[in-house]
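I opened the model today to look through its packing and its backbone. My notes follow.

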Amino acid sequence: MEEASLRHVRRVLSTEVLEHRLPPLELPARYSDAADECLTRLFDAAVQGGRAEGLALVAVGGYGRRELCPGSDLDVLLLHDRHRDVGIVADAIWYRVWDSGVRLDHSVRTPKEVTAVARSDLRSMLGLLDARVVCGDTRLVTSVLAKVEELWHAHAHRFLPELAAATRERHCAFGELPYLLEPDLKESAGGLRDLEALGLVARALPALAAVLGPPELEEPHALLLSSRVALHARTGNSSDRLLLQEQDDIANDLGYPDADAYAAALAAAGREVMWAAADAWRRVESVLAGPARRSGGRDAEVDKGVLLRDGEVALGTAVDLAADPAAVLRVAAAAARFDAPMALATIARITAERPELGARWPTGMRDAFVSLLEYGHRATPVIEVLDRARLMEWLIPEWAIVRHRPQRNAYHRFTVDRHLLEAVAEAASLLREVERPDLLLVAALLHDIGKGRPGDHSATGRRLASDIGRRMGFDARDVAVIERLVKRHLLLADTATRRDIDDDETIELVAEAVGDALTLELLARLTQADSVATGPAAWGSWKASLVTQLVENVRAHLEGRQADASAARPPSPQVEALVKREELALHVAGSEITVVAPDLTGLFALVAGTLAMHRLDIRQATAVAVVPMAVETFEVDLDPTRPLDEPALLADLRRAIQGDLDIDSYLRALEDAYSRYRRPAAARSPDVVVLVDERASAAAAVVEVRAPDSHGLLHRLARSLAEAGLDVVSARIATLGHEVVDSFYVREQSDGSRPGRDRLDSLRAELVRAAEVTAP
């Protein structure tokens, strides 16, 4: 084949993968072979029958491992022993490869230069350790690569800590593959780069080779490499980030029934690699530290039947697991306490000898389990090790359904099982703020246990949590609290962001659902832990303040006293003065924007649209009539890099009220401009959902619209309500990833009465149309 056809070979191989005629795992070797043939032909032509002794082409890195993917660079070294024609040969090869359209990472070095760069540069060393000869002087290449291998062994105490630091830095930059919505298949923790590192560490420390490259990593490696091949073939570029919109097609390419099944398999593979890598780096650290810096060679008993030995936690030989199954959890708690790995022999023994737990956990089991959970983030990797050995299912059989279960939306950042562990870790930091830390930790672990089963996950989870709590040995009163916490774990967050938290009926409904002060206290901390564990979009100072105020209102109700309602506070003197002037005015105080304007139908929609034009995201709003004026207050997100232009905002508000500003056209243009750069969040946009509740408040009904986020959505919905003859009294806006939930408290324009169910139901179709006008 001609060298210019290498790109054609790549395209043909990619097409065969996409048409399911070539297994993705076979492409790297075939593409590498084609590259070898191409470079060999170019090399032979360049030397033109001249002296090839002392000259060779070397495949480096992924090309050296024969793992070329469609988007991979061709990483090549031209090795020469002071060959007089090396420059001519290099130019003849490099330019022909460049002309073929294949990206080339090339270098020209002597053996001495190779060893020098390997000694001084870790990245170059790592690439050379995977190198192999393509063509030319094989003896020259063999000699040089042997010296590189010797350097790797001789300087392992310097190279390995440097590699460990680079690995930690990479993990921080690219996150953890099993838990990311859109992971990097190569660079994320648990990805292909970690597998490469494991192999290189095993070569540096042969004594650890048996535990650093276990056979169970073969399947994860195959899935990760196949995924990278399919991703490159489908996108036609070199990006290794697995975007959401590609996952359905790649799942099909790899033979999975749907994207969820593929995501679960990928998460399992990534976790297997992460577990192996984390264990490997702990063992490397122990080896490099030496016996004197571990435990002096002596066993230290740190708990009943639990030993700290050579930097590892082990189970004492005298422990009888059949009589004392709680020892499993004492070992795990000690591993978290000392931040030390569990000995492999101990994990194997526990897996083989664990007894059946029966209908009720043995004495001491629950306390040991809670003690483990109390270690928070330090407990997470330990529980992951237990889960790898299927010990979490031994403890809680219901765990099997949530294990590796993906949450394919932008709101959550973790799989269900990891989210539960993250929630436990966050809850562990709040234990001093609650009366019953044990109930908080168990509820955090179980709050989403109902996901992956039919029906509402909160209701399903309540039933499962009830069974689990009884098995753990909690009494009936404690089980009832755990049930309420799991069933109502979304109550405070949803109510705080979608309802008027100072409304008496809202407070009474929450108090009735919670039941007592203990549950309220625990639910408040569970809400915080759950939200923080969900992701950055789920918790912030604004949401925290709303939840805190709601909890205080409900606590006051339960105690029979009057809460200090924030809504009851009078307007500031500045706003009162503006009302008395009876003309359009604007007052800005921090993130709160108050508009005073003549009361007119649709004013709320006009103000919301004008704020959207100024790219202000509204979080909540209230509207009060002070005849003949209206006072509308909006809590907004201010961009610190773009100061608010108050005169321009006031001028646009005046034009909007006078009918001289085409808000809709401007917002459509703004949405079109953003949509050009907005990547689709999923294969299919979520449906618009409209819910109505005529009894949520004594003074107003609630209309709740859940829809894809878009510029001016609040404006369009408020305008539809105004055109239907309803006044917006207040609004709450909750952002859920790429969706928003806009909740409106509405009254009849004609007489201020609360609209009934039939009246509200008649608005559904129009609100859906309004939400879908420019939805991405």
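**Cores.** This is a predicted model. I began with the largest nonpolar core, which holds 91 residues. Met342, Phe369, Leu372, Leu395, Ile396, Trp399 and Leu446 touch the most other members. H14 is the top contributor to this core, giving ten residues. I then listed the contacts of Leu372, leaving aside neighbours within four places in sequence. Among them are Leu329, Ala332, Ala333 and Ala336, along with Val382 and Leu386. I also found a second, separate core of 56 residues, including Ile93, Leu192, Val229 and Ala276.

**Helix pair.** Next I checked how H14 (residues 326-338) packs on H16 (residues 365-373). The angle is about 15°, and the axes are 8 Å apart. An angle under 35 degrees counts as roughly parallel, so H14 is roughly parallel to H16. Their crossing is left-handed. H14 brings Ala326, Leu329, Arg330, Ala332, Ala333 and Ala336 to the contact, while H16 brings Met365, Ala368, Phe369 and Leu372. I sorted these contact residues into nine nonpolar, no polar and one charged.

**Backbone.** Most residues other than glycine have a negative phi, and most peptide bonds are trans. I looked for exceptions. Arg66 has a positive phi, near 60°. I placed Arg66 in the loop between helix H3 and strand E2. Its relative accessible area is 32%, so Arg66 is partly exposed. Asp339 also has a positive phi, near 50°. Asp339 sits in the loop between H14 and helix H15. Its relative accessibility is 59%, so Asp339 counts as exposed. Last, I found a cis peptide bond between Val627 and Pro628, with omega about 5°. Pro628 is in the loop between strands E10 and E11.

Technical notes
Residues numbered from 1 in each chain as written. Predicted model: local features only at pLDDT ≥ 70, side-chain atom pairs only at ≥ 80, totals over all residues. Heavy atoms only, no water. Axes fitted to C-alpha atoms, helices over the stretch in contact; angles between N-to-C directions. Helix = DSSP H or I, 4+ residues; strand = E, 2+ residues; numbered from the N terminus. Parallel < 35°, antiparallel > 145°, perpendicular 65-115°, else oblique. Left-handed = near helix turned anticlockwise from the far one by under 90°. Contact = heavy atoms within 4.5 Å. Nonpolar A, V, L, I, M, F, W, Y, C, P; charged D, E, K, R; others polar. Core = buried A, V, L, I, M, F, W, Y, C linked by side-chain atoms within 4.5 Å. Buried < 20%, exposed > 50% of the residue type's maximum accessible area, 1.4 Å probe, protein only.
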